[in-house]
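Please keep the sequence and the model in view while reading.

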Amino acid sequence: MAQAEKKLVYTGKTKNVYALENGNYLLKFKDDCTGKDGVFDPGENSVGLTIEGVGDVNLRMSVYYFEKLKAAGVYTHYVSADLSETTMEVLPARVFGHGLEVICRKKAVGSFYRRYGEYIGEGADLDSYVEMTFKNDEKGDPLVTRDGLIALGVMTGEQYDAIKEMTKKITAVVADDMEAKGLVLYDIKFEFGYDAEGRVMLIDEIASGNMRVYKDGKYIDPMTLSALFFAK
C-alpha cells in the first residue's frame, strides 16, 4: 500500500489505524505488547514490552480465522491482508458505546471463577456463557447486561441477540479448530461493531492474546500458543 494512499487516524497499543482512499481502513500490527514490568500480559491495559514477531503471528492467526469465518458465513470487517507489510484491510465500523468487549466462556476460570467460585468449581464446563463488559480501565471494565445496554442506548435488543448468536458460532469454530490441534479453548474475547445499516460485524483481531487455551490441563501462554499453532 503506497504511503500516499493512507492517512494515520489512530495510534493504538498494539495496532495503528489508517484511513484508505477507498473508504476502508488499514490496520498495521505492531510488535508492542501489553504487560507490566517487562512481562507479557494480555490482560494489562498498557504497553509493557516489545517482542519481535508478535505483530506478524497475531495477524497470521487473525487472517486464518477470518477466512474460516468467511467460509462459515459470519459477517466480519476483514477484507484482505498483506503479510509482508503486517497489515490488514478492513471495512469501516462503528463501535458500541465507547468500546465493548464480549467474552465467551467454555470453562470457569479467570475473573469468572473469582466472581462465582462459591457456586462452581474451577475449570468446570460452561455452556459457552456470553458476557459483555465496557472497555473502561478506570472502572475495571464493568459487566453490563442486555437490559443495561438497551437502557443506556448502546445497542438494540436485536443487536445484542445478534452479537450473542455470532459469539457462540465464532467460538465453536475456534474451539473445534483448537481441539483438532490437541488444544482446549477455555475462553475467548471478541469485539464487535456495526456498519452503516446497523448490521453487527466482528471487528479487531482473533489472536492468541485474546484467548485462554490449555493443553493436557496446563495453561498455554499466548506466545507459546502462537508457536504451537504455526508449528509444522
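Which residues in H1 meet which residues in H4? In this predicted model, the H1 side of the contact is made by Tyr 64, Tyr 65, Lys 68 and Leu 69, while the H4 side is made by Ile 170, Val 173, Val 174, Asp 177 and Met 178. Sorted by class, the residues of this contact are seven nonpolar, no polar and two charged.

## How H1 and H4 cross

Two packed helices can be described by the angle between their axes together with the distance between those axes. For H1 and H4, the axes come within 11 Å and cross at roughly 120°. An angle from 65 to 115 degrees would count as roughly perpendicular and one over 145 as roughly antiparallel, and H1 and H4 are therefore oblique to each other. The crossing of H1 and H4 is right-handed.

## How H1 packs against H5

Helix H1, which covers residues 54-71, also packs with helix H5, which covers residues 222-229, and here the angle is about 60° with the axes 11 Å apart. Because of that angle, H1 is oblique to H5. The crossing of H1 and H5 is left-handed, whereas that of H1 and H4 is right-handed.

In this second contact, Val 54, Val 57, Met 61, Tyr 64 and Tyr 65 of H1 meet Met 223, Ser 226 and Phe 229 of H5. By class, these residues comprise seven nonpolar, one polar and no charged.

Rolling a probe the size of a water molecule over the atoms shows where empty space is left. The second largest pocket has a volume of about 170 Å³, and its lining is formed by Gly 73, Val 74, Tyr 75, Ala 162, Glu 165, Met 166, Lys 169, Arg 199 and Val 200.

Helix H4, residues 157-180, supplies the largest share of this lining, namely four residues. Taken by class, the lining of the second largest pocket consists of five nonpolar, one polar and three charged residues.

Notes. Residues numbered from 1 in each chain as written. Predicted model: local features only at pLDDT ≥ 70, side-chain atom pairs only at ≥ 80, totals over all residues. Heavy atoms only, no water. 1 Å grid on protein atoms, 1.4 Å probe; cavity = no way out; pocket = protein on both sides within 12 Å on 5 of 7 lines; lining within 4 Å. Points joined across faces, edges and corners; volume = space filled by probe spheres on them. Helix = DSSP H or I, 4+ residues; strand = E, 2+ residues; numbered from the N terminus. Nonpolar A, V, L, I, M, F, W, Y, C, P; charged D, E, K, R; others polar. Axes fitted to C-alpha atoms, helices over the stretch in contact; angles between N-to-C directions. Parallel < 35°, antiparallel > 145°, perpendicular 65-115°, else oblique. Left-handed = near helix turned anticlockwise from the far one by under 90°. Contact = heavy atoms within 4.5 Å.
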